[in-house]
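My notes follow the display.

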Amino acid sequence: MKIQTACLFLLLMMVGASAQVTRRAAGATVTGVVWSAEKANDWYSRHKWLTGANYITSTAINQLEMWQAETFDPVTIDRELGWAEGIGFNTLRVFLHSVAWSEDPAGFKKRMDQFLTIADKHHIQPLFVFFDDCWNKTPKAGPQPAPKTGVHNSGWVQDPGQPASADPANFPALEKYVKDVLGYFAHDKRILLWDLYNEPGNSDKGETSLPLLMKVFEWARSVNPDQPLSAGLWDWGFEKLNAFQVANSDVITYHDYEELPWHLRVIEMLKANGKPLICTEYMARTRNSRFSTILPMLKKENVGAINWGFVAGKTNTIYAWDTPMADGSQPVEWFHDIFHPDGTPYRQDEVNLIRKLNGMKAD
């Protein structure tokens, strides 16, 4: 949906406000210190231009299947991260899941460490996502469902779920999860950033997600990791959520699947905050958010670029959000994803462009 002028004005006013005033307006009790613009920009300047993808193994239908002990797949991770390195990607956005942690906290952190070792081998510094309001409402440990033919992300699960995310009775267990993982990796230089909550308010939750959003920042600030904290803006109509996210994020992350002129306008507005910008979701070909148009603009604007989708697999993200294909045939144009499961590019021209913008020679 294109952003209307009134929403843009609201966004400009929001990001121009001081963090202290906005936190008070949101009624937050966050402890710790939000990074200043100076500290955030110094951190950003010490990294190459950030490019990468949202990553899940092609053999996993959701975050649980990726991280549970029985289905954790380091062989596939190593192979696929090699393809990421091959096109110059230096970061990946990776979703965690509290259910996988609750089943085996020590093993979960061990698998995270193994993932980080593989990523470091391929010169990739990932960012991790804690909570998520998207897709299926009830995550369950154990074997995960098979993909629904031709349906985008048919098995992806929310974390902690719905209505679980709005029930304060669940917060103590979630606090243990966040503090355990953050505490263990708080000084790990292999990690780029912590994305505390993906698309709060999605799945018709709206402002009911604000209490958990506020709590996860409070828990994270109490750990005070070396890495920056953020939660990405994604729906410009959520005034209270957006105000809190902007005020409490060390660097500004956001999602945008719009065409070039509208995406650029969002960047121009968000720059009023003075902090670095990282687009943690973009690229939906049939909505005209493409590598050919968006990626060069993001580099020119010095905005980090993390597209949705990497290797086509069980998530079925070659299909569009709202266009299932019951026969499972290939869509006329892939919605997301860059590689076939065997590592061949979906479009060689896109891979050549990514490599070029990352300072590499085309294949």
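Is Glu199 buried or exposed? I looked it up: Glu199 is buried, at a relative accessible area of 8%. My cut-offs: buried is under 20% relative accessible area, exposed is over 50%, and partly exposed is in between (1.4 Å probe, protein chains only).

I note that this is a predicted model, where local features need pLDDT of at least 70, side-chain atom pairs count only at pLDDT 80 or more, and totals for chains, interfaces and linings use all residues. Residues are numbered from 1 along each chain as its sequence is written, and side-chain values use heavy atoms, with hydrogens and water left out.

**Backbone entries**

I placed Glu199 in the loop between strand 4 (193–198) and helix 9 (210–223). Its phi is positive, near 45°, and Glu199 is not a glycine. I then checked Asn302, where phi is near 60°, again positive in a residue other than glycine. Asn302 sits in the loop between helix 12 (291–300) and strand 8 (304–308). It is partly exposed, at 43% relative accessible area.

Next, the peptide bonds. Asp159 and Pro160 are joined by a cis bond, with omega about 10°. The bond from Gln162 to Pro163 is also cis, with omega near 15°. Pro160 lies in the loop between strand 3 (127–132) and helix 8 (171–185). Pro163 lies in the loop between strand 3 and helix 8. I flagged these entries because most residues other than glycine have a negative phi, and most peptide bonds are trans.

**Sheet entries**

I counted 13 helices and eight strands in the chain. Helices (H or I, at least four residues) and strands (E, at least two) are DSSP runs, numbered from the N terminus. The eight strands form an open sheet in the order 5-4-3-2-1-8-7-6, with parallel pairing. Two strands pair if DSSP finds at least two bridges between them. Strand 5 (229–230) and strand 6 (252–255) are the edges, each pairing on one side only.

Four bridges join strand 6 to strand 7 (residues 277–281), and the two run parallel. His255 has Glu281 of strand 7 as its bridge partner.

**Helix 11**

Which residues of helix 11 are buried? I found His263, Val266, Ile267, Met269 and Leu270. They cover an arc of only 165° around the axis (taken from the directions from the helix axis to the C-beta atoms), so they are on the same side of helix 11.

**Whole chain**

Of the 363 residues, 57% count as buried.
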